[in-house]
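Here are my notes on this two-chain model. Please read them alongside the coordinates.

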There are 2 protein chains.
Amino acid sequence: MPGTAAYPLDSVDRTILTLLQADASLSTAEIAARAGASQSSVWRRIEKLEAAGIIQRRVAILDRKKLGLNMMVFAHVKLQAHGQRTLPAFEDAIRRFPEVVECHTLLGETDYLLRVITRDTESYETFFRKHLSQVASVQFTNSSMAISEVKSTTELPLSLLW
Amino acid sequence: MPGTAAYPLDSVDRTILTLLQADASLSTAEIAARAGASQSSVWRRIEKLEAAGIIQRRVAILDRKKLGLNMMVFAHVKLQAHGQRTLPAFEDAIRRFPEVVECHTLLGETDYLLRVITRDTESYETFFRKHLSQVASVQFTNSSMAISEVKSTTELPLSLLW
DNA sequence: TATGAAAAGGGGTTGCT
DNA sequence: AGCAACCCCTTTTCATA
């Protein structure tokens, strides 16, 4: 049932999720101390949260600019006619482009919002001219380069829930 | 020096980064096997990559919808006059809103792009009316609800670099 | 079905070469 | 960088509620 947790989350679960989405390298012992439960209990709860898919995965977040990926662009894309195969064809192409790290379907004026990461402006233009704009059914795009990050986190606002 | 790695990355480092940004729960032994290096060497390289800030942090990615955060909105925001204190004031407010998980400065028509996550449409409207639109100097906003995710990853396209 | 205590096993961490 | 020892944390077992 989407929109509802598969099982109720108590305060120990909430502490686990809050801590792990901030720092996935915490030991179960450290989490247990802060959550007020035993180490083995916390370990089992984490397993359940992973099995339920509430914890999707653990990842390392890398520094884009330190690696030389200096260009980030948000591109709105609108497609032409919405035939039966237009959307799947576009979406398959998108999934194959490594430059596109996110693609969201939007309600509103444009059909898609893409987050595109490349090395620099030149490589973005190459991507745009040779790949993105070549995908059939793209009507128009509106690309905006991201200049600075005021805020950026992968942490969900769990405080809104509890 | 932004845009350049603090030190050159060889193929072992590249393998480490590629694997860890996909799955941060991999053991150093597993990474070592795939990278063709010893376990302790891989461990020390990871420490160096963390010290250099190339690996920023390790986090757990949670399932937004399973937790009941069903609403995600991308909001373009344009400010009024750009006085000396207009931007910092807006940015400070943004950083305090838990609903705003990302805020990027954009080159182009609008000033900012926000990614906002809330429980549902009602809670988004409350956030928008009582918080976002109340921030002084907001001239206009353009909010688009995200309907579905075609692609979404925190993995940087390292293949573009090497 | 979930818990805490404790044993067993594997991997992170360190010193040495 | 690699090897090996050590220590800590993950994982399992067991007893209890």
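How much area is buried between chain A and chain B, and what percentage of it do carbon and sulfur atoms give?

1. Basis. This is a predicted model; local features need pLDDT of at least 70, side-chain atom pairs count only at pLDDT 80 or more, and totals for chains, interfaces and linings use all residues. Residues are numbered from 1 along each chain as its sequence is written, chains are lettered from A in the order in which they are written, and side-chain values use heavy atoms, with hydrogens and water left out.

2. Interface area. About 6800 Å² is buried between chain A and chain B, and carbon and sulfur atoms give 60% of it. Buried area here is the accessible area (1.4 Å probe) that two parts lose on being put together, summed over both. In chain A, the residues that lose the most area to chain B are Leu62(A), Val150(A) and Lys151(A). Together they account for 11% of what that side buries.

3. Who takes part. Chain A brings 75 residues to the contact, and chain B brings 75 residues. Contact means heavy atoms within 4.5 Å.

4. Polar links. The rule finds 40 residue pairs in polar contact across the interface of chain A and chain B, both residues at pLDDT 80 or more. A polar contact is a pair of N or O atoms within 3.5 Å; within protein, one must be able to donate a hydrogen and the other to accept it, and residues adjacent in sequence count only if both atoms are side-chain atoms. Two salt bridges also cross this interface. The cut-off is a side-chain nitrogen of Lys or Arg within 4 Å of a carboxyl oxygen of Asp or Glu. Glu102(A) pairs with Arg115(B) in a salt bridge, with the closest N and O atoms 2.6 Å apart.

5. Helix H2 of chain A. Helices are DSSP runs (H or I, at least four residues), numbered from the N terminus. H2(A) spans residues 28–35, and its buried residues are Thr28(A), Ile31(A), Ala32(A) and Ala35(A). They fall within an arc of 100 degrees seen down the axis, so they line one face of the helix. The arc is taken from the directions from the helix axis to the C-beta atoms. Buried means under 20% relative accessible area, exposed over 50% (1.4 Å probe, protein chains only). On the other side, Ala33(A) and Arg34(A) are exposed. The buried residues of H2(A) pack against helix H1 (11–22) and helix H3 (39–51) of chain A.

Technical notes
Helices (H or I, at least four residues) and strands (E, at least two) are DSSP runs, numbered from the N terminus.
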